Structures are given as structure tokens and as C-alpha cells.
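Colleague: I'm new to this one. Can you walk me through it in plain words?

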Amino acid sequence: MKLTPLSDRVVLKMTEAEETTKGGIILTGSAKEKPSVAEVIAVGPGGMVDGNPVTMTVKPGDKVITDKYAGTKITLEDVEYIIVKQGDILAIVE
Amino acid sequence: MKLTPLSDRVVLKMTEAEETTKGGIILTGSAKEKPSVAEVIAVGPGGMVDGNPVTMTVKPGDKVITDKYAGTKITLEDVEYIIVKQGDILAIVE
Amino acid sequence: MKLTPLSDRVVLKMTEAEETTKGGIILTGSAKEKPSVAEVIAVGPGGMVDGNPVTMTVKPGDKVITDKYAGTKITLEDVEYIIVKQGDILAIVE
Amino acid sequence: MKLTPLSDRVVLKMTEAEETTKGGIILTGSAKEKPSVAEVIAVGPGGMVDGNPVTMTVKPGDKVITDKYAGTKITLEDVEYIIVKQGDILAIVE
Amino acid sequence: MKLTPLSDRVVLKMTEAEETTKGGIILTGSAKEKPSVAEVIAVGPGGMVDGNPVTMTVKPGDKVITDKYAGTKITLEDVEYIIVKQGDILAIVE
Amino acid sequence: MKLTPLSDRVVLKMTEAEETTKGGIILTGSAKEKPSVAEVIAVGPGGMVDGNPVTMTVKPGDKVITDKYAGTKITLEDVEYIIVKQGDILAIVE
Amino acid sequence: MKLTPLSDRVVLKMTEAEETTKGGIILTGSAKEKPSVAEVIAVGPGGMVDGNPVTMTVKPGDKVITDKYAGTKITLEDVEYIIVKQGDILAIVE
């Protein structure tokens, strides 16, 4: 089973929240919210979106930080995914 | 009786929510909401929408995931349909 | 007495809600709302609307489904009409 | 005393609400609201409005139906007028 | 002391509310609000505003009717002014 | 220490509210609000802003009136500044 | 570990709030809010953003003032970052 995103959308797999004390990644928007670091699983074709050309710049395997409130969550074969627009991805973590 | 969508709209038939424990598809937006996996039944012609050219990329028979809050529901000859804009379709499930 | 819509507007006549159990058309947005199937009575000329060219694709006699919350209702010579923008028409029912 | 509308605006004079039982015009948005049939008194020059070209298609003497919530009311020499944008005029009544 | 409006803005001086019974000008939006008839005092240069070309069509001395809720009030040397965008001026009163 | 505004932004220094009875400048939006007359301190380069070309027309030393609710206040070396977009400047006071 | 911002985004590191009495930088939006002076750490590539070309004008090392409510906070290896769009940066402090 496979998710093929349309347009400028990107399928992400949420990674485990690393709450280690040294070098851990903790998003601090409002206290109890979950971190939004995720791995890119599949990338849409881009193209014209609302009349503007969109080039996809992320690729499967990238670890990314997304806008906390963006996207639609879905569970497929017991794995939790989130589908966002590329514009809701803020940065790549390396 | 047939539904012919206009513009960039797509007619979807809701599929049964598969709540199987292994490989089942469960959307986890907020706890009690119904999954939004659906089958494409009919596709509008696309063309200029709000001044932007829209090419239709889904086709009848595709299983798709939509934005949970998008679309208008309608029951026709005892079958429940939902009419969405193509832009509200997030991904194709294969 | 005649209604001539301007721009991209369409005059619709609400049809009776068919609540037959077999093959009836029932819109199921929220439980008690009225179905939104309607017959096209008159069609505006289209043309430039908010800077975008609009071509009218519905024609008088078409049975259409509209966005439930769209349009302005008016009663003229005891007949109830609703005036919508063509973009609020979702699909043609055949 | 004369009102000369600017841009894509139209000066309308509200007509008396005809509540006759046969062939009367009654707008049925929400129960107690006044009908919105009006006579065109003066028409702006059109031209570029928010970057889009607007051609005026109504003319003085036209009876029109407007969006109920549109426009600014004004009383001039004991006559009640309403000033709307042409885009808020839905249809011409003939 | 002088007010020079920028862009598509217009400086208006509120005129006294004429509550004469014959031929008086009374704005009837909601019961206790003040009329919005004003005299044009100074006119901005127009030009590109949010990417659209704006030509100024009002001139000092014009009596105008404005959108009641538009503009910023300011008192300069004991005279009350209101600064609006030209697009908030509905009509010229002659 | 110096503030260099980006894009179409302008750094203003609030001037003392002159509450003199003759020729004083008093902004009368809602009773207790502070006047919004300010002196231009620094002007951004303009250029493309949200896809539209912006030419800066104010210059350091100008006394300006701004939209009361616009801008971000900042105190730098005990002086209070406000940073606004040029489009939030209504008029120059001379 | 490194944050590479996408598009027109900029990674900032919050600097300590300097509450010195002479020449200190204190943002005075509403009384208890934290100052928004930050150091630029990484800058996205710019390019087409929502159909408009964006040129990045800030560079790593710049001290900047941002719109208080803009951006997403993230803690990476015990350092607090904030990711903003360049358009939310108001001015450079020198």
C-alpha cells in the first residue's frame, strides 16, 4: 500500500519525539504539544498550484520541521503519516 | 441517474471505513471523525478556475484521501457521494 | 416578469425535495437542511469577473446541485428562486 | 441635488415593498427583512477597480435585485438611496 | 499647517450634519450614527497601490459620501479631518 | 546603534503629543488613545513587496500620521520607535 | 546538527534580553512580552514564493527585529531557534 501525494503535497512520517536532555530536539511552541520533526516519505509532482509554479525541493529521506498546525494526519498499515503542502515545511534538519 | 461535476470538481463515493487492526486505514484527525478515503466516481473538465488553469490528474476508480472538512455530501439513489475540488484531494492510495 | 442575471450569476428554481426511499435525492449535510437540487432558469452572460474570464457552462433546464450556503433567495410571482454564482454550482444531475 | 457614483458604484432607489399576494415580489432570506428590489438612479463610470477592468452593464431605470447585505444607505431630499458596487447586483427584473 | 496624503489617500473635512427637514442630508445606516458627507481638502498622488494603478478622480472642494466605517480621524488646528482611501468614497454630491 | 528597515518598512520616532489648545494636533479615534504623529527616522529600500513594486516616498525628517493600529513598537537606547510599512502612513504633516 | 531553511525562511537564534538601563533594547508591545531581537543563523534560498520572486537580503550574523507574533520556535541541542519568513523581519540593528 502506497500514498502518492498530488500537486505540491508531501507525505511525512512522524519520527519519535526525542526528549533526550543533551542535543535532543524539542519544539517549544506551547508546552504540551508534540514536536513536528518528520521524515519525508513521498513527494508530489509540483507544477501549477493556484496559478503559481511550484518546484519540489524536498526529497524522500529528508528530516524536516513543519508548521505545527499544518497537514492532515492518516494511519496506514499501523504507521502514522501526515500530508502537508511543501510550503508548510520550514527547514531541513541535518 | 448521473452526477457530472463542473469545473475542477470531483465526485467521490465514500468507502467503508476499514477498521481492521492490520493494515487497516484509520484517519486520526480528532478521535471520532470518519475516515476520508473515497473512490473517484466522476471528474470535472478542469479548465480556467478563478483565472488559473487547472488540469485534472485524478481519474474514476482512484482511491483518494481528502481534506476532512472539504466538500458537499449528497445521497443519490441510496449511495452517499461527496463533491470536492481537486485541490482538496491530498493523495492517491495504491 | 423575468429575471435576467448579471455577470456569472445563474437563476435557479428550487425543485421539490424528493424524499422517496428508492432513488430519491437527499442531501445529507446536517440533518434537517433542505436538499439543494435546483433547475436552471436563466444564465448570466459570463465575461470578466473580478479580472478573470468566466465562460458559462450550465444552460436553462439543467438540474444542478449547489453549495448549500450559496446564493440569495427571492420569491417572484409565488415561485421561489435562488440566484447563485456559476462557481457555486457543483454538478449537473442527469 | 445629485449623487454621482465613483468607480463601479451604482446609486439605487429602494422601491416600495410589494406584498401583494399574487405576483408580488417578496425576498425570503430571513423572515422580517425588507425586499431588495431597487431602481437604478445613477451609474459610475466603471474603469479599473482593484486592478481589474469593470464595464458597467446596468443603466438608470433598470429594476434590480441586490445582495441584501450590500451597500450603504443614504437619505437625500427625503428619498432613500442605497449605493452598491455593480458586482452586488444579482439580476435585472423585467 | 497642511496635510499631504500619500498614495491613494484623500483628506476630508467633515461637514456639519444638516438635519433640516426639507432636502436635508441624513445617512440612515443605523439610527444614531453621524452622516458621512464630507468635503475633499487634499488628494494623494495615486500611482501604484498594491500593484494596481490608481487614478485619483476626486478633487479638493468636492462634497463626497464615504463608507461610514472607513478612514482615520484626526484633529488639526481645531478642525476635524478624516483620511480615507479614494476607494472608500462612494459618490460625489452635487 | 542604528535601525535599518527592510523592504517597504519605515522606522518612526513618536513625537510628544501636543495637547495645546490652539493649533495642537490631537487624533480623535477613540477618546483615550495616543496621537499617532511621528517623525521618519529611517526608510527601507522598497523594491518588490509581495510581488508588487514599492517606491519609497517618505524621507527621514518627515512628520507623518499613521494608521493607529499599525506597526511594532521598540525601545532602543531609551528612545521609543515604531516600525511600520509605508502603506500604513496616511499623510505627511507640514 | 544543522537547520537548512526552505524558500524565503530564515533561522534565528534568540539573543538574551538586554534589560540594561542605558542603551538597552526593550521591545514594548505589551508589558510582559519578551523582546524579539535575534541573530540570523541560516537563510533560505529565496526564489519563487506564492508566485512572487523573493530575494534574500539578510545574512548570517545580522541582528534583527522581528514581528513578535511571527515564526515557529524550536529547540535544537539546547539552543532555542525561531524560524520566520524574511518578510516578518522588520529591521536590522547595527
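Colleague: Where does Asp50(C) sit in chain C?

Modeller: Asp50(C) is in the loop between β5 (47–49) and β6 (52–54) of chain C. Strands here are DSSP runs of E, at least two residues long, and helices are runs of H or I, at least four, all numbered from the N terminus. One caution: this is a predicted model, so local features need pLDDT of at least 70 and side-chain atom pairs count only at pLDDT 80 or more, while totals for chains, interfaces and linings use all residues. Residues are numbered from 1 along each chain as its sequence is written, chains are lettered from A and ligands numbered from 1 in the order in which they are written, and side-chain values use heavy atoms, with hydrogens and water left out.

Colleague: Okay. Is Asp50(C) buried or exposed?

Modeller: Asp50(C) counts as exposed because its relative accessible area is 64%. Buried means under 20%, exposed over 50%, and partly exposed in between, using a 1.4 Å probe and protein chains only.

Colleague: What about the phi of Asp50(C)?

Modeller: Asp50(C) has a positive phi, about 50°, although it is not a glycine. Most residues other than glycine have a negative phi. Ser7(C) has a positive phi too, about 55°, and is not a glycine either. Ser7(C) is in the loop between β1 (3–5) and β2 (9–14) of chain C, and with 23% relative accessibility it is partly exposed.

Colleague: Which residues gather in the patch of negative charge?

Modeller: Asp50 from chains A, B, C, D, E, F and G: these residues gather in a patch of negative charge on the surface. Patch members have over 30% relative accessible area and no salt bridge, with like charges joined within 9 Å. Asp50(E), one of the group, is exposed at 65% and lies in the loop between β5 (47–49) and β6 (52–54) of chain E.

Colleague: Switching topic: how many salt bridges are there over all chains?

Modeller: There are 18. The rule is a side-chain nitrogen of Lys or Arg within 4 Å of a carboxyl oxygen of Asp or Glu. Among them is Asp62(B) with Lys59(B), at 3.1 Å from N to O. Asp62(B) is buried at 9%, whereas Lys59(B) is exposed at 52%.

Colleague: And what do Asp62(E) and Lys59(E) do?

Modeller: Their side chains meet in a salt bridge at 3.0 Å, N to O. Asp62(E) is buried, with 9% relative accessible area, and Lys59(E) is exposed, with 51%.

Colleague: Which residue does Lys85(D) pair with?

Modeller: Lys85(D) forms a salt bridge with Asp8(D), the closest N and O atoms being 3.4 Å apart. That pair links distant parts of the chain, 77 residues apart: Lys85(D) is in strand β9 (residues 79–85) of chain D and Asp8(D) is in the loop between β1 (3–5) and β2 (9–14). Lys85(D) is partly exposed at 31%, while Asp8(D) is buried at 7%.

Colleague: Last one: how many helices and strands does chain A have?

Modeller: Zero helices and 10 strands. Of the 94 residues of chain A, 43% count as buried.

Technical notes
Patches are made of residues with over 30% relative accessible area and no salt bridge: like charges are joined within 9 Å, nonpolar side chains (Val, Leu, Ile, Met, Phe, Trp, Tyr) within 5 Å. Accessible areas come from the Shrake-Rupley method with a 1.4 Å probe; for residues, only the protein chains shown count as cover. Lys and Arg count as positive and Asp and Glu as negative; His and the chain ends are not counted. The place of a charge is taken as NZ of Lys, CZ of Arg, CG of Asp or CD of Glu.
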